[in-house]
Amino acid sequence: MFITIIHFKKSKQISDTLNLARYYRFKAANFANNFVSDSSFYYYILAEKLYKKIDDKLGLAIVYINKSDIQFQMNDY
């Protein structure tokens with residue numbers, strides 16, 4: 001199994017919001033690196049919701065920067 005799948009399953013099992021948010025952020029970054037913008041944006045939105053829930057301002061800022069980069073690349077102002 002890939003380490004990311006194990007990370008996701010264990011985080012989901014114990015309801016670890018921070019690690020779920022990180023997982024979604026890293027998954028979104030992977031899609032962004034492979035130029036799959038719609039999937040990337042979807043996972044950034046999931047990460048954003050979780051970072052807001054736990055009030056993690058640094059994680060939320062990273063998500064906002066990455067989302068804005070995708071929107072800029074797609075000319076979505």
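**Helices, core and salt bridges**

The structure holds three salt bridges. It is a predicted model. Side chains of opposite charge can pair when their charged atoms come close. Where are these pairs, and what lies around them?

Start with E48 and K52. Their side chains meet in a salt bridge, with N and O 3.3 Å apart. Both residues lie in helix 3, four residues apart, which is about one turn of the helix. An α-helix has 3.6 residues a turn, so residues three or four places apart point the same way. K52 has 47% relative accessibility and counts as partly exposed. E48 has 11% and counts as buried.

Now turn to K67. The side chain of K67 also forms a salt bridge with E48, at 2.5 Å from N to O. K67 sits in helix 4 and E48 in helix 3, so this pair ties together parts that are 19 residues apart in sequence. Are these two residues buried or exposed? Both K67 and E48 are buried.

The remaining salt bridge joins D55 and K57, whose closest N and O atoms are 3.1 Å apart. D55 is exposed, with a relative accessible area of 53%. K57 is exposed too, at 58% relative accessibility.

Next comes D56, which caps the N-terminal end of helix 4. One of the side-chain oxygens of D56 lies 3.3 Å from the backbone nitrogen of L58.

Follow the chain into helix 4. What span does this helix reach from its first C-alpha to its last? Helix 4 has 17 residues and reaches 24 Å, close to the 24 Å expected at 1.5 Å a residue. Five of its residues, G59, L60, V63, K67 and I70, are buried. They cover an arc of only 95° around the axis, which means that they sit on the same side of helix 4. On the other side, K57, L58, I65 and F72 are exposed. K57 is the salt-bridge partner of D55. The buried residues of helix 4 pack against helix 2 and helix 3. After helix 4 comes N75, with a positive phi near 60°.

The 17 residues of helix 2 should span 24 Å at 1.5 Å a residue. The C-alpha atoms at its ends are 24 Å apart, which agrees. Which residues of helix 2 are buried? They are T17, L20, A21, Y23, Y24, R25 and A28. The cover over these residues includes helix 1, helix 3 and helix 4.

Just after helix 2 comes F35, with a positive phi of about 60°. F35 is not a glycine. This residue is found in the loop between helix 2 and helix 3. Is F35 buried or exposed? F35 is exposed, with a relative accessible area of 73%.

The largest nonpolar core has 13 residues. Those with the most contacts inside this core are Y24, Y44, A47, L50, Y51 and V63. Helix 2, helix 3 and helix 4 each give two or more residues to the core. Some of these names have already come up: Y24 is among the buried residues of helix 2, and V63 is among those of helix 4.

Which residues does Y51 contact, leaving aside its neighbours within four places in sequence? They are L18, A21, R22, R25, D56, G59, L60 and V63. A21 and R25 are buried residues of helix 2. G59, L60 and V63 are buried residues of helix 4. D56 is the residue that caps the N-terminal end of helix 4.

How values were computed. Residues are numbered from 1 along each chain as its sequence is written. This is a predicted model: local features need pLDDT of at least 70, side-chain atom pairs count only at pLDDT 80 or more; totals for chains, interfaces and linings use all residues. Side-chain values use heavy atoms; hydrogens and water are left out. A nonpolar core is a set of buried Ala, Val, Leu, Ile, Met, Phe, Trp, Tyr and Cys residues joined through side-chain atoms within 4.5 Å. Buried means under 20% relative accessible area, exposed over 50%, partly exposed in between (1.4 Å probe, protein chains only). Contact means heavy atoms within 4.5 Å. The expected span of a helix is 1.5 Å times one less than its number of residues. The arc is that of the directions from the helix axis to the C-beta atoms. A polar contact is a pair of N or O atoms within 3.5 Å; within protein, one must be able to donate a hydrogen and the other to accept it, and residues adjacent in sequence count only if both atoms are side-chain atoms. A salt bridge is a side-chain nitrogen of Lys or Arg within 4 Å of a carboxyl oxygen of Asp or Glu.
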